[in-house]
Amino acid sequence: MSRIAGVFQTLEATSRKAVIPYIVAGDPIVDITVDLMTALVEGGADIIELGVPFSDPMSEGPVIQRGHERALERGVRLRGVLETVRQFRQENTHTPVLLMGYANPVEHMGYQRFADEASAAGVDALLTVDVPPEEVDDINAELKRVGMDNIFLIAPTTPSSRMDRITAQASGFIYYVSLKGVTGAGNLDQQAVSEQVAEIRRHTSLPVCVGFGIKDGPSAARVARDADGVVIGSALVQRLADVQAAGGDRVAILSAATALLTDIRAHVDGMQSDAA
Amino acid sequence: MTSDANPLRYANQPDGEGRFGPYGGKFVAETLMAALAELESMYRRLSEDAEFQREFDEDLAHYVGRPSPLYEARRWSDEIGGARIFLKREDLNHTGAHKVNNTVGQALLAKHMGKPRVIAETGAGQHGVASATIAARLGLECHVFMGAEDVQRQSLNVYRMKLLGATVVPVTAGSATLKDAMNEAMRDWVTNVDDTFYIIGTVAGPHPYPMLVRDFQCVIGREARAQCLAQTGKLPDALVACVGGGSNAIGLFHPFLADESVAMYGVEAGGHGIETGQHAAPLSAGSPGILHGNRTYLMQDEDGQIIHTHSVSAGLDYPGVGPEHSWLKDIGRVDYVAANDDEALAAFHKLTRIEGIMPALETAHALAYAEKLAATMTPEQSIVVNLSGRGDKDILTVARLEGIEV
């Protein structure tokens with residue numbers, strides 16, 4: 001069983017939902033990422049989503065765009081991100097790590113080489129925002145070969161007739177994009193999320209996690225009523241950048257990360273006990 | 001040409017998945033996939049609809065002013081002393097460039113799809129102006145995304161767009177040029193996909209854009225082919241066009257692709273020189289990758305990050321190129337070459353002084369190469385150069401480069 005499947009099995013057994021923080025590798029300080037991942041796990045993260053910096057992050061809102069720009073300015077590249085995961089794995093072998101990014105750095109490295117090096121580093125899954133199922137055959141063959149999961153997006157605009165095509169290629173979990181827009185955009189429509197998650201479940205038995213537009217504990221808790229997990233990205237990236245901009249040191253950034261995750265975790269778990 | 005040249009081989013591109021050989025495709029976020037499918041099915045239906053074609057042809061005739069002339073540049077040809085040079089006068093179109101052929105077509109699609117709002121990216125501003133123009137005519141809301149650096153160097157076009165009622169959105173992210181404008185347009189589209197039509201200005205982007213933009217621009221080559229036969233009694237020996245994204249080039253080239261005797265040259269922006277690395281010539285010096293929805297030749301570093309480009313012309317200052325050009329390069333049907341900033345500037349002055357035609361700086365790259373090519377040919381041979389746009393918009397840029405206060 002993959003590390004991701006194992007996490008969801010354990011969560012299900014305890015009736016809990018996954019909390020999945022997103023950070024950009026190398027942001028806000030270039031060498032903080034391994035410690036930051038550990039701090040997020042201490043705060044209650046079940047899976048870590050690690051953004052791979054790209055020069056043209058077309059699906060990101062301004063907050064995460066700036067995270068990519070900061071990391072690139074400091075020289076963070078895909079090879080360095082894999083090294084970061086390798087270091088994280090020396091102290092943590094249970095928390096799945098998902099790389100989220102864009103096709104070109106992976107394509108440029110070569111799908112075979114990426115699959116070999118990423119799996120050797122301890123990466124569990126890949127989510128390439130700009131690779132829909134129509135374009136995924138070559139890379140999926142390589143990911144399958146090394147036992148990595150491929151995470152796909154389903155959007156509010158995805159028609160029901162298209163879902164089978166996506167779920168047939170997906171493994172690990174389905175990432176439902178809660179709104180039409182870029183990361184960190186406006187308020188999500190809870191009713192629409194609820195309906196679309198129910199529709200996705202008619203097409204797959206994979207866990208369904210929801211991201212884009214989750215701002216804080218209460219919004220995470222609301223989404224977690226319907227989903228198997230919640231992704232928190234822009235709010236976290238912004239918080240860490242703010243702490244650093246205000247002169248916060250390494251310790252302050254790590255504490256802020258743990259604190260934010262602890263709060264989200266409490267809300268998401270609290271939702272569980274309310275519901276029970 | 002070789003035995004490759006089978007007419008169907010060119011006419012049948014792209015395939016059902018939007019691929020030209022290994023290039024093209026649909027590399028976009030899932031949110032846009034339904035919109036692309038809707039656009040493709042609407043386009044396939046309308047492109048076979050006689051009424052839609054009639055509407056398009058009428059707009060081209062009476063609004064754009066087509067057909068554009070094929071003008072023989074006799075003084076220039078005589079001075080070079082080689083091939084006869086003919087200029088396909090896209091600069092005489094309404095709004096001053098070939099861009100309007102495509103915006104007229106896409107705006108008609110928007111109208112048929114009931115989208116009240118259009119967005120566009122622009123580099124030199126020609127596509128932005130053409131989009132704002134057609135939006136004004138059809139009463140559509142129009143937002144144009146433009147790199148902040150381009151807003152500075154193309155201030156006249158910015159004001160033109162505003163006069164036409166468009167909102168110009170300066171983009172400061174990344175290198176603040178055309179590629180960043182395209183990123184921002186995609187972000188807007190993903191956010192407003194229900195009521196918004198994205199008018200892409202070149203033959204790049206996700207399928208079906210490279211196909212439909214090409215189809216709308218092919219009027220250039222169809223006219224040029226017939227005009228050349230009528231005026232010279234034979235096909236031209238060579239075609240020359242500048243290539244940024246590559247829409248004016250594909251528009252000229254495509255109707256000639258099956259004519260084996262016609263050589264074709266796409267001229268990229270050599271900037272300060274290919275050897276300096278400061279250029280915008282992905283076909284000459286780049287490698288295949290994925291950007292803006294398609295797989296194509298790109299300017300990228302060893303880690304697959306897109307690198308900053310340089311060109312004196314904002315319209316060529318783009319790190320990618322349409323996927324069909326990548327395919328035509330690989331199969332050897334079209335030769336892709338480069339002209340540097342200073343060569344383009346010299347050609348700008350040359351054509352202005354010798355023919356009384358002031359070309360856009362983008363177009364001047366094609367002219368610079370055509371001059372070299374013509375010199376290697378004979379007066380019995382002919383070259384058609386796509387005079388893709390007029391140079392009024394570049395007057396301030398040229399003056400600034402030459403230290404002249406206007």
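Which side chain meets that of A:R77 in a salt bridge? The points below take up this pair and its surroundings in what is a predicted model.

1. The partner of A:R77 is B:D301, and the two side chains come to 3.9 Å, N to O. B:D301 has a relative accessibility of 17% and counts as buried, because buried means under 20%.

2. A further salt bridge is formed by B:D303 and A:R79, with their closest N and O atoms 2.7 Å apart. Across the interface of chain A and chain B, 8 salt bridges are found. The search for polar contacts across that interface gives 26 residue pairs, both residues at pLDDT 80 or more.

3. The side of chain A that touches chain B draws two or more residues from each of α3, α5 (103-109), β6 (152-154) and α8 (160-169) of chain A. Among these elements, α5(A) supplies the largest share, 5 residues. Sorted by class, this side of chain A holds 18 nonpolar, 8 polar and 12 charged residues.

4. The size of an interface is often expressed as the accessible area that is lost when the parts come together. Here chain A and chain B bury about 3,000 Å² between them, and 46% of that area is on carbon and sulfur atoms. Within chain A, the residues that lose the most area to chain B are A:M58, A:H108 and A:E135, which together make up 21% of what that side buries. The contact involves 38 residues from chain A and 38 residues from chain B.

5. Salt bridges also occur within the chains. Over all chains, a search of the whole structure finds 50 of them. One of these pairs A:R250 with A:D35, where the closest N and O atoms are 2.9 Å apart. This pair links distant parts of chain A: A:R250 is in helix α12 (residues 250-275) and A:D35 is in helix α2 (residues 33-42), 215 residues apart. A:R250 is partly exposed, at a relative accessible area of 30%, and A:D35 is partly exposed as well, at 31%. Chain A also contains a network of salt bridges that links A:R16, A:D46, A:R265 and A:D269.

6. Chain B has an open sheet of 4 strands in the order β1-β2-β12-β11, with antiparallel pairing. At the edges stand β1 (19-20) and β11 (287-291); each has a single partner strand, so one side of each is left without a neighbour in the sheet. The antiparallel strands β1(B) and β2 (residues 23-27) of chain B are joined by 2 bridges. In this pairing, B:F20 stands opposite B:Y23 in β2(B).

Technical notes:
Residues are numbered from 1 along each chain as its sequence is written. Chains are lettered from A and ligands numbered from 1 in the order in which they are written. This is a predicted model: local features need pLDDT of at least 70, side-chain atom pairs count only at pLDDT 80 or more; totals for chains, interfaces and linings use all residues. Side-chain values use heavy atoms; hydrogens and water are left out. A salt bridge is a side-chain nitrogen of Lys or Arg within 4 Å of a carboxyl oxygen of Asp or Glu. Buried means under 20% relative accessible area, exposed over 50%, partly exposed in between (1.4 Å probe, protein chains only). Contact means heavy atoms within 4.5 Å. Buried area is the accessible area (1.4 Å probe) that two parts lose on being put together, summed over both. A polar contact is a pair of N or O atoms within 3.5 Å; within protein, one must be able to donate a hydrogen and the other to accept it, and residues adjacent in sequence count only if both atoms are side-chain atoms. Ala, Val, Leu, Ile, Met, Phe, Trp, Tyr, Cys and Pro count as nonpolar, Asp, Glu, Lys and Arg as charged, and the others, Gly among them, as polar. Two strands pair if DSSP finds at least two bridges between them.
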